[in-house]
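Have a look at the structure first.

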Amino acid sequence: MTRVLIIEPPPFPDWKPGKNCVTIGGRRHPALSVTGEKVYSYLHLAAAAVLREKGHEVLYRHCLASDLTLDRLEAEIPYLAPDLVVLAPEHISLGVSLELRRRVRVRVGIPVVLVGPFATALAERLCERPGDLVLRQEW
């Protein structure tokens with residue numbers, strides 16, 4: 001059995017809880033609205049269900065819904081002891097996803113897999129060094 005940690009990271013590396021609406025490049029981040037509503041990725045939730053059905057243990061962290069900053073998340077990962085971390089970067093969250101991948105490499109040294117349509121389209125660019133993983137066309 002593999003212990004998989006699926007993460008929905010904060011919108012940017014220095015994000016702090018308590019901000020209802022985050023704008024990046026003039027556009028509202030999709031996981032936040034003016035009302036403060038948090039939206040979960042149905043793709044992540046579906047993937048978690050399939051992994052669980054196949055016998056894997058799945059941990060799920062939604063930074064915005066849990067008020068987890070990138071620093072707090074980084075500190076929590078070693079205690080969660082995952083075998084694998086899964087991130088689905090999007091155009092507006094690419095920077096924080098790559099920063100989180102870097103931090104996981106340095107702090108715990110476990111594989112980080114980038115998934116989703118954006119990762120599929122930019123797979124070659126996202127594989128910066130040996131050991132970088134991109135799962136293509138899985139969605």
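## Starting at Thr 2

Where is the place of Thr 2? In this predicted model, Thr 2 sits in the segment before E1. Is Thr 2 buried or exposed, or something in between? Its relative accessibility is 27%, so Thr 2 counts as partly exposed.

Leaving aside neighbours within four places in sequence, Thr 2 touches His 56, Glu 57 and Asp 83. Take Glu 57: this residue is 55 residues away from Thr 2 along the chain, yet 6.2 Å is what separates their C-alpha atoms.

## The sheet

Five strands make up an open sheet, paired in parallel and ordered E4-E1-E5-E6-E7. The edges belong to E4 and strand E7 (133–134); each has a single partner strand, so one side of each has no neighbour in the sheet. Helix H1 (residues 42–53) packs on the sheet, where it touches strand E1 (3–8) and E4. The direction of H1 makes about 175° with that of E1.

Elsewhere in the sheet, strand E5 (residues 84–87) and strand E6 (residues 112–114) run parallel and are joined by three bridges. Across from Leu 87 you'll find Leu 114 in E6.

## His 62 on E4

Back to E4, which spans residues 57–62 and includes His 62. Why does His 62 count as buried? Because its relative accessibility is 3%, and the cut-off for buried is under 20%. The His 62 side chain also has a polar contact of 3.4 Å with the side chain of Glu 8.

Terms used:
Residues numbered from 1 in each chain as written. Predicted model: local features only at pLDDT ≥ 70, side-chain atom pairs only at ≥ 80, totals over all residues. Heavy atoms only, no water. Helix = DSSP H or I, 4+ residues; strand = E, 2+ residues; numbered from the N terminus. Buried < 20%, exposed > 50% of the residue type's maximum accessible area, 1.4 Å probe, protein only. Polar contact = N/O pair within 3.5 Å; in protein donor to acceptor, adjacent residues only side chain to side chain. Pairing = 2+ DSSP bridges. Contact = heavy atoms within 4.5 Å. Axes fitted to C-alpha atoms, helices over the stretch in contact; angles between N-to-C directions.
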